[in-house]
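Welcome, and please open the model in your viewer.

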Amino acid sequence: EGEKYVLVSHAPDSDSWWNTIKNSIALAGEQMDVEVEYRNPPTGDIADMARIIEQVAASGPDGIITTLADFDVLSGPIRSAVDSGVDVIIMNTGSAEQARELGALMYVGQPEYDAGFAAGQRAKDDGITSFLCVNHAIQQPTLVQRCQGFADGLGVELGNQMLDSGTDPAEIKNRVMAYLSANPDTDAILTLGPLSADPTLLALDENGMAGDIYFGTFDLGEEIVKGITSGVIEWGIDQQPFLQAYLPVVILTNYHRYGVLPGNNINSGPGFITADNLGKIEEFAGEYR
Amino acid sequence: MTNAAQPAAPDERIKEISAFRKALIRPELGGIVGTIAVFTFFGLFAFDSGMFNSQGIMNWSVVSAQFMIIAVGACLLMIAGEFDLSVGSMIGFAGMMIAIFSITYGWPVWLAIIVTFVLCCSIGALNGWIVIRTGLPSFIVTLAFLFILRGFTIFLPQVLERKTIIGGVSDAAEGDWLAPIFGGKILKGLFTWLGDAGVIATFDRGTNAGQPVVDGIPMLIVWALGLIVFGHVLLTKTRFGNWLFAAGGDAEAARYSGVPVNRVKILMFMFTAFCATVFAVCQVMEFGSAGADRGLLKEFEAIIAVVIGGALLTGGYGSVIGAALGALIFGVVQQGLFFAGVESSLFRVFLGVILLGAVILNTYIRRIITGER
Amino acid sequence: MTNAAQPAAPDERIKEISAFRKALIRPELGGIVGTIAVFTFFGLFAFDSGMFNSQGIMNWSVVSAQFMIIAVGACLLMIAGEFDLSVGSMIGFAGMMIAIFSITYGWPVWLAIIVTFVLCCSIGALNGWIVIRTGLPSFIVTLAFLFILRGFTIFLPQVLERKTIIGGVSDAAEGDWLAPIFGGKILKGLFTWLGDAGVIATFDRGTNAGQPVVDGIPMLIVWALGLIVFGHVLLTKTRFGNWLFAAGGDAEAARYSGVPVNRVKILMFMFTAFCATVFAVCQVMEFGSAGADRGLLKEFEAIIAVVIGGALLTGGYGSVIGAALGALIFGVVQQGLFFAGVESSLFRVFLGVILLGAVILNTYIRRIITGER
Amino acid sequence: MTRDGTFHHGDPAAGKTPIIEMRNIEKHFGSVIALAGVSFDVRPGECHCLLGDNGAGKSTFIKVMSGVHKPTAGEIRFEGKPMHFEDPRDAISAGIATVHQHLAMIPLMSVSRNFFMGNEPERKVAGIRFFDKKRADAVTMEEMRKMGINLRGPDQAVGTLSGGERQTVAIARAVHFGAKILILDEPTSALGVRQTSNVLATIDRVRKQGIGVVFISHNVRHALAVGDRFTVLNRGKTLGTAERGGITPEELQDLMAGGQELALLEGSLGGTV
Amino acid sequence: MTRDGTFHHGDPAAGKTPIIEMRNIEKHFGSVIALAGVSFDVRPGECHCLLGDNGAGKSTFIKVMSGVHKPTAGEIRFEGKPMHFEDPRDAISAGIATVHQHLAMIPLMSVSRNFFMGNEPERKVAGIRFFDKKRADAVTMEEMRKMGINLRGPDQAVGTLSGGERQTVAIARAVHFGAKILILDEPTSALGVRQTSNVLATIDRVRKQGIGVVFISHNVRHALAVGDRFTVLNRGKTLGTAERGGITPEELQDLMAGGQELALLEGSLGGTV
Ligand SMILES: Nc1ncnc2c1ncn2[C@@H]1O[C@H](COP(=O)(O)OP(=O)(O)OP(=O)(O)O)[C@@H](O)[C@H]1O
Ligand SMILES: Nc1ncnc2c1ncn2[C@@H]1O[C@H](COP(=O)(O)OP(=O)(O)OP(=O)(O)O)[C@@H](O)[C@H]1O
Ligand SMILES: [Mg+2]
Ligand SMILES: [Mg+2]
């Protein structure tokens with residue numbers, strides 16, 4: 001009773017997608033009656049994240065749930081956490097192999113590059129040959145991997161099809177519009193989360209390309225769900241962040257209390273959400289979905 | 001002796017300066033030259049990219065107008081000898097407060113907007129008060145508020161709504177009397193007419209087919225122009241404007257001459273906060289949502305625009321028109337790079353180079369024309 | 001007349017100041033008081049959180065050492081009257097260049113490190129040269145380089161390797177003679193002995209089972225201490241140190257007295273770049289990879305540490321020891337907030353409040369003790 | 001050196017009640033005691049000279065008078081009533097105009113903006129009050145011409161004037177606005193021969209209008225040329241006040257030097273420096 | 001007023017070759033012509049006074065001499081050889097020490113650090129050269145005592161000194177390092193009686209050591225007390241050089257005022273201001 005688990009992510013604190021993680025870990029903490037904490041490097045600097053993991057290990061929790069945004073940087077701190085007796089579960093980014101290599105209990109999540117690659121293949125099947133990837137945090141490796149994966153899935157060069165959009169919605173909107181009017185033969189748009197998807201929706205609305213251009217996005221949010229419903233967005237890639245945070249807490253608690261542990265890694269995604277399989281998603285988008 | 005007056009004699013020690021050159025000696029000059037240079041450049045290299053059709057013009061106008069709104073505040077504050085690094089966080093904070101008041105607490109939108117204005121201006125005043133009372137540099141004080149306000153912007157929605165983006169403000173603002181003043185468009189009729197008349201293009205596909213591609217002037221632009229006119233008149237045509245120059249030029253000397261320096265500076269911190277709030281309200285009304293990451297790095301963009309516009313970072317010199325031109329240059333360059341199809345990851349490199357180029361050009365032109373060197 | 005000397009008489013117009021109070025009048029004072037305050041605070045509120053076990057101590061020591069490395073550079077530059085906003089981008093850029101040289105181009109790691117040092121110091125010199133030549137404020141010039149360097153840090157790996165993280169430097173550095181000077185650890189024997197003696201905890205499972213949780217002092221800390229000693233001696237014990245104070249106190253007056261102000265300033269820009277590169281190399285060697293996101297906002301953290309440490313933002317006053325204490329305070333507070341279990345989204349709020357508190361405390365203590373007010 | 005000038009030196013000031021009276025003013029800066037009890041008054045129409053060595057506390061004293069510093073102890077009576085100046089604005093609106101020793105002008109601002117700083121003339125247009133630039137420019141040009149300085153234009157930045165010209169602008173401004181008391185802190189120290197005689201003439205003219213002038217100087221000759229009374233400060237204390245005619249230049253100079261022996265050069269300077 | 005002092009004024013300087021010779025120096029700042037062809041020389045052991053009204057160009061001229069400004073036209077010969085000063089460091093190492101009118105000291109730095117700024121004494125420890133603080137402190141205290149100023153300690157910040165005390169530090173510094181030529185730009189304008197006589201005595205002492213002194217002043221009396229030759233600048237041009245004894249104070253003052261009519265006050269000031 002009262003075990004302490006800490007979740008460490010690589011996201012800067014402005015990234016709204018991680019909100020779902022915070023909510024679900026809190027929910028899991030409440031349900032399992034354990035103490036949970038969420039930690040992240042304020043600017044998204046992964047080297048700072050390594051320090052946070054070291055710090056968490058020093059504070060002696062029962063378990064650490066962490067993303068593995070850069071194996072080189074994080075493997076050291078995670079390994080010494082494991083060695084000093086803290087159980088670790090890798091979530092979100094990373095892979096099953098890497099988790100095993102570090103001595104983590106398991107991996108829950110969806111590798112970013114692979115998800116991008118799958119989306120690219122899907123788009124290729126839909127006849128897409130060129131695209132615009134709206135990247136709102138270009139300095140973050142995981143987001144670049146999504147664009148890169150998508151390009152590789154399509155079988156085209158990424159080149160300058162990735163747009164450094166910044167985080168200001170008006171600028172995102174206007175840059176997307178500028179890009180599209182300068183490159184009118186763009187087939188598809190890929191956004192990497194609600195942050196870039198919401199203004200992009202408005203941009204398409206304004207230049208009249210809404211519903212006309214092939215639009216896919218990572219992750220969910222209120223506006224994205226509306227977009228999918230109205231048919232502007234073709235699909236959203238859902239990696240079900242809820243599970244990525246909720247399951248590790250539940251698994252760790254039960255492991256510590258009763259010694260039970262699932263034998264396999266868990267893939268929480270990728271799942272393609274389309275207008276056909278919305279449902280509950282609408283209700284909880286941005287909160288638990 | 002009651003009269004020591006001597007007739008004014010022409011000074012043989014001054015070389016002649018032509019009237020034209022004299023007319024050019026003004027802080028706006030660099031901005032004017034820069035504007036011409038930028039438009040020439042993109043006119044040559046991105047003319048057929050759509051940058052100068054009606055939609056393209058609207059595109060960079062909106063971005064520039066955003067910069068202008070915060071640049072006016074930053075400019076007056078900088079002339080008064082201080083600066084404010086919390087502008088960006090203030091934008092995020094103000095937007096979030098409107099969303100929280102109107103969505104979480106369900107207040108009518110007009111009330112949410114007014115309360116937010118009062119709140120943010122108070123925070124601006126607090127900023128100024130701390131700077132005045134402690135004598136600390138405004139860099140440090142407002143840096144602290146950069147963190148504090150951003151922290152609250154992340155923390156509050158998280159606690160209250162369990163999200164970091166609060167949406168639905170558009171729906172709540174439906175029928176509100178104050179919201180359209182920030183989020184609406186004007187001259188819609190004119191643009192529809194222009195579209196029908198074929199002067200501006202109309203959409204030929206999608207949901208808006210047949211409507212003009214530009215359907216009105218966003219209030220954002222109106223606010224930008226309004227603030228520029230207000231700031232310009234305040235600075236150059238009123239007693240208060242003289243106090244601004246004096247407070248920034250030499251606060252001690254101004255104080256000794258009876259200028260209420262403290263009041264002037266605090267008011268300018270409040271005005272900067274006001275401008276940031278205008279920015280935030282326009283944004284929230286246009287996009288219908290507030291996010292914890294809004295306004296990141298905006299403080300730098302404001303300072304850049306002001307400096308490109310010819311103001312001195314150390315205070316006491318500058319012009320609102322210059323700052324507005326600086327904002328225009330900055331906006332046009334930023335959007336123009338996309339129209340011109342510059343490799344996206346090189347974007348920041350270009351931005352830095354152009355910033356540096358603009359400021360150096362500015363300084364040199366001023367020196368050449370004033371004959372300083 | 002050859003001798004106008006008069007015997008030194010005690011001045012009746014000076015009230016007595018105790019020798020103790022006199023000894024306290026030094027720029028480090030605020031830093032010393034702050035350090036005591038911070039340790040007292042966390043000693044009371046986070047003592048049993050693991051913050052003061054060997055692993056915890058190492059944790060905040062390493063973070064503080066990081067801050068110290070860049071704070072020393074920023075401190076000397078600030079005393080010389082300039083500042084550098086490109087430190088953070090320089091860290092990212094330097095790390096990326098090492099990775100590119102050693103991985104993409106396959107150079108030996110020592111060569112990559114040396115070339116990177118040369119490259120970064122040249123960029124620092126360029127920064128300084130532009131500031132000196134154009135007379136622009138360093139705020140603007142280095143802001144431009146903030147964008148430019150970050151842009152290259154994103155662009156280069158993107159073009160060369162199609163990723164924004166380049167890994168594998170650890171493997172490449174295996175057996176290199178220069179790499180351990182940045183990424184290694186010293187006193188390993190001592191710590192093994194301490195672990196065996198049970199003074200510090202040991203790992204209880206895994207490949208390292210039985211070894212001490214802290215197995216040596218990272219070179220990062222050694223570099224930090226080395227740079228502090230170097231900076232302190234340079235500033236207070238050499239002719240060059242006097243020139244630093246002079247250049248920052250009043251560049252014109254210094255120049256008139258024959259101080260080579262331009263050279264001093266450019267050298268300090270280079271030293272700041274050197275410190276940023278040390279930071280980057282230590283980081284790359286420790287973690288084995290370089291990413292485009294490294295060093296974000298580090299320029300502010302450096303400036304904050306220096307200002308907490310009692311230096312004047314306007315130049316001419318400050319101390320390296322103070323800056324180091326400022327870095328220690330900043331590091332302990334940042335990590336301590338985690339140990340104390342502060343809600344993560346409130347982290348920035350605390351950071352801002354503590355920054356403001358520290359600086360105000362600092363100023364007031366100085367005033368009280370010097371009797372300025 | 002003549003000891004009595006060609007001026008009519010107003011009525012002997014003794015008969016009039018002082019405009020301002022300062023009693024036992026003390027001012028401490030932390031551990032430094034800058035003023036240790038100084039009493040001083042100014043009567044209408046007189047020029048009261050404040051003399052003293054470097055660091056005697058002259059500037060500190062007149063800063064107390066002009067509201068820049070609050071006295072640590074002591075009493076200020078203005079026109080008979082006790083008075084507390086919270087800041088320079090209060091003193092200015094009470095009618096005390098000051099030209100400070102160093103902080104006179106703002107270099108980046110134009111002459112006319114500097115001239116009217118804190119006292120800008122206004123003009124109503126549609127109910128809104130605007131800065132009346134036209135009037136400000138005209139007045140500035142006129143006043144500067146009176147002081148013998150030909151500006152290139154009212155828009156010329158003060159930073160482009162020479163030190164002496166700046167000092168003259170500051171004095172012209174104070175004279176223009178000086179209501180009851182005009183304080184000049186070493187106005188002539190940076191001035192050339194011509195400007196100096198202009199300033200001294202201006203002091204005389206102002207005094208004749210019934211304004212009380214406080215004139216600080218190191219130069220005994222300047223002081224004696226226009227002063228009606230002379231107060232000497234030494235190390236924060238007053239050594240007493242002398243009436244015009246009641247003291248010789250040599251005595252005055254000895255007082256200023258605090259009675260200490262001067263360097264041997266003295267002889268060659270003919271007694272007064 | 002005595003026209004001839006009690007000093008021995010060195011040999012008549014005419015016989016010696018000048019240390020520095022400036023010929024037809026011109027200096028333009030943008031559209032302002034500050035110097036329009038000035039010639040000037042300094043011989044060893046003489047005090048050459050440079051006089052002139054505000055804005056005459058005195059400071060600009062000596063800035064050219066001390067390497068701060070490069071002349072727009074004209075020739076500088078130092079000890080017979082043509083010389084180009086790239087910056088003040090060159091001039092200082094050639095042996096020209098200057099006390100500038102305004103920018104003398106750095107307020108935040110201690111007196112002894114200011115005193116040795118740019119000329120720090122060094123001491124080798126283990127092959128590394130360190131700033132010899134002990135010597136710097138001792139020398140500073142000694143030199144300041146010689147000038148009649150008692151410091152609280154060598155670590156006292158210059159910002160806590162009064163204006164006159166600062167000026168004295170600057171002069172003491174220049175005297176201490178002045179190798180061949182010592183330039184003083186209005187050193188006495190902010191000084192009280194005692195400090196002034198100290199400075200004048202110092203000039204005399206320095207001159208006796210064979211150093212050439214350039215002394216700028218507005219004060220005819222100060223100039224006449226120590227000067228051997230007098231050059232008057234007016235509006236960027238020189239009005240000629242007079243030898244000691246070849247000119248009366250009244251003539252000198254007329255020259256300085258540029259021959260223009262002085263304000264009426266003149267009479268009361270006994271001819272010299
Ligand atoms: N703000 C201050 N803080 C500390 N000490 C001060 C301050 N202002 C003045 N002093 C000290 O008070 C004393 C008197 O200074 P003040 O400027 O009044 O002299 P003064 O008579 O005007 O001299 P001068 O003729 O050189 O202008 C000096 O010792 C000075 O150092
Ligand atoms: N850097 C500069 N830029 C432009 N004009 C200058 C500059 N320096 C000096 N001047 C001008 O040159 C002229 C001579 O100035 P200078 O300072 O040499 O006079 P001065 O004889 O020293 O006067 P003062 O007795 O008031 O000190 C003045 O008109 C001044 O405005
Ligand atoms: Mg004074
Ligand atoms: Mg001068």
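Is D:Gln101 buried, partly exposed or exposed? Select D:Gln101: it is partly exposed, with a relative accessible area of 24%. Here buried means under 20% relative accessible area, exposed over 50%, and partly exposed in between, using a 1.4 Å probe and protein chains only.

Before moving on, two notes on reading the model. This is a predicted model, in which local features need pLDDT of at least 70 and side-chain atom pairs count only at pLDDT 80 or more, while totals for chains, interfaces and linings use all residues. Residues are numbered from 1 along each chain as its sequence is written, chains are lettered from A and ligands numbered from 1 in the order in which they are written, and side-chain values use heavy atoms, with hydrogens and water left out.

**Stop 1: the magnesium ion in chain D**

D:Ser59 sits in helix H1 (residues 58-65) of chain D and D:Gln101 in the loop between strand S6 (96-99) and helix H3 (111-115) of chain D, so the pair ties together parts 42 residues apart in sequence. Donors are N, O and S atoms within 2.8 Å of the metal (3.2 Å for Na, K and Ca); water is not among the atoms, so sites may look incomplete. Helices (H or I, at least four residues) and strands (E, at least two) are DSSP runs, numbered from the N terminus. D:Ser59 counts as buried, at 19% relative accessibility.

**Stop 2: ligand 1**

Select ligand 1, which lies between chains C, D and E. Of the 18 residues around ligand 1, those that come nearest are D:Asn54, D:Gly55, D:Lys58, D:Ser59 and D:Thr60. A residue is near a molecule or strand if one of its heavy atoms lies within 4 Å of it.

Show distances next. Oxygen atoms of ligand 1 lie 2.9 Å from a polar backbone atom of D:Gly57, 2.8 Å from a polar backbone atom of D:Lys58 and 2.5 Å from an N or O atom in the side chain of D:Thr60. On its own, ligand 1 has 640 Å² of accessible area, and the protein covers 74% of that. Such areas come from the Shrake-Rupley method with a 1.4 Å probe; for residues, only the protein chains shown count as cover.

Colour the shell by element: H1 of chain D gives the largest share, three residues, and H1 of chain D and helix H5 (163-177) of chain E each supply at least two.

**Stop 3: ligand 2**

Which chains surround ligand 2? Residues from chains B, D and E do, so the site is shared between chains. Of its 17 surrounding residues, the closest are E:Gly55, E:Gly57, E:Lys58, E:Ser59 and E:Thr60. Helix H1 (residues 58-65) of chain E gives the largest share of this shell, three residues.

Among the atoms to pick here are polar side-chain atoms of E:Gln101, 3.0 Å from an oxygen atom of ligand 2, and of E:His218, 3.1 Å from an oxygen atom of ligand 2. The protein buries 74% of the 630 Å² that ligand 2 exposes when taken alone.

**Stop 4: the magnesium ion in chain E**

Finally, select ligand 4, a magnesium ion coordinated by E:Ser59 (OG) and E:Gln101 (OE1) at 1.9 to 2.0 Å. E:Ser59 counts as buried at 18% relative accessibility, whereas E:Gln101 is partly exposed at 24%.

Conventions
A polar contact is a pair of N or O atoms within 3.5 Å; within protein, one must be able to donate a hydrogen and the other to accept it, and residues adjacent in sequence count only if both atoms are side-chain atoms.
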